[in-house]
Amino acid sequence: MSAARLSADQARRLALHAQGLLGAAPSGRPPRRVDAMLRRVGAVQLDTISVLARSHELAAYARLGPVGRAAVETAYWGSGRAFEYWAHAACVVPIESWPWFTARRRRYRAGLQLWRPAEAQARGEVLARLRDLGPVTAGDLGGARGGGPWWDWSPMKVAAEQLLAEGEVVCVERRGWRRVYDLAERAIPAELLAREPGDEECAAALCGLACASMGVATLADITDYYRLGRLGRLGREFVAAGVAGAGLVPVQVEGWPQAAYVHPASLAALESPPRGRHRTTLLSPFDSLIWFRPRAERIFGFKPRLELYVPKAQRVHGYFSMPLLAGGRLEGHADPAREGRTLVARRVAVAAPRLEAMAAALVEAASWVGCDAVAVEAVDPAPLRRPLEAALRQVA
């Protein structure tokens, strides 16, 4: 039986629909729940950088519109509906996915190190303090930093993070931006904690979740979504077993040199590609739609740039360049900052047909973070600066 064929446009729509960015509720209606959004995308990446907001907030905003930031925090932490783990990167993950990371936790228990070897004494102290004191932060354990440069963790922090990777310790709450560590046996529901699926079952679950969250995906896409390559030399076998175990259906996508797959639950969408309202929004550079740069370029013909760690003088797109999603396409980007109650777009790249969309995205983002004005600095191409400013006045 030959593989089903998808046009490039069908693949793009499937990807957007799977990520909750196509078919969004019209403005004015109550937003969908943040926890439902989290289950849909499977994982939301965390990052310390906060420009307009932190990346985990931006992921919810991109899909739900100006949902209250308190609702985002409540859905992620303290609700019992999510936990933190090394999924794609450091991520918030739906609580029901806890069993499927068992294979990864086994690797850490068998000797895989998250950062550097944890001292046995520190491991024992962390567990003892958690038993005696209840949930604690790294500060409660004596501090996170070891006195050196960034990522120079203290022995207690190294031990806590290694125990988290192994599944003895878990984070289901934050205080401010500080992880709160707790014993998994106390924080994870007993029925989930008791499940210890084998590697093949974990592989099928994670590959199935990844494919469903992407709509249509290549093996490389599936591998990257939950960073299954972290399993070392076993990663390729793990993904191959997972694709077979999840019953993923092979498809051919126009213009894609690699074979692709869809989840069985998505097969109906092949007959009638998703339709609905597109979100017009700025995306975090850590958004799951564009995590894997080769995939973003393959689907949208747009390669997101991440210049956070590029020296300022060498940046082309800006410190926190956010792609513009409009009409189901990535067309343009903006590098925002906040100065008092003004959102300043330090660098904007936009084509003339997307001026109104860029203006709308900037104004909505400004309102969401409590700004009442938008200013632009550099615009590419330069002649579009005045038309963009006019569009901003009109939208505002």
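A helix axis here is a line fitted to C-alpha atoms over the stretch in contact, and angles between axes run from 0 to 180 degrees between N-to-C directions. Please keep in mind that this is a predicted model.

**A pair of helices**

Two packed helices are described by the angle between their axes and the distance between the axes. Let's start with helix 3 (residues 55–64) and helix 15 (residues 355–368), whose axes come within 12 Å and cross at roughly 125 degrees. Helix 3 and helix 15 are therefore oblique to each other, and their crossing is right-handed. On the helix 3 side, Glu57, Leu58 and Tyr61 take part, meeting Ala361, Glu364, Ala365 and Trp368 of helix 15. Sorted by class, this contact between helix 3 and helix 15 has 5 nonpolar and 2 charged residues, with no polar ones.

**A sheet and a helix across it**

Next comes a sheet. Strands of a sheet pair through backbone hydrogen bonds, either parallel or antiparallel. In this model, 4 strands form an open sheet with mixed pairing, in the order 1-9-10-8. Which strands sit at the edges, pairing on one side only? They are listed here:

| Edge strand | Residues |
|---|---|
| Strand 1 | residues 4–6 |
| Strand 8 | residues 217–218 |

Strand 8 pairs with strand 10 (residues 260–262) in the antiparallel sense, over 2 bridges. Ala217 stands opposite Tyr261 of strand 10.

Finally, helix 1 (residues 8–18) lies across strand 1 and strand 9 (residues 249–253). Helix 1 runs at about 85 degrees to strand 1.

Definitions and conventions: Residues are numbered from 1 along each chain as its sequence is written. This is a predicted model: local features need pLDDT of at least 70, side-chain atom pairs count only at pLDDT 80 or more; totals for chains, interfaces and linings use all residues. Side-chain values use heavy atoms; hydrogens and water are left out. Angles under 35 degrees count as roughly parallel, over 145 as roughly antiparallel, 65 to 115 as roughly perpendicular and the rest as oblique. A crossing is left-handed if the near helix is turned anticlockwise from the far one by less than a right angle, and right-handed if clockwise. Contact means heavy atoms within 4.5 Å. Ala, Val, Leu, Ile, Met, Phe, Trp, Tyr, Cys and Pro count as nonpolar, Asp, Glu, Lys and Arg as charged, and the others, Gly among them, as polar. Two strands pair if DSSP finds at least two bridges between them.
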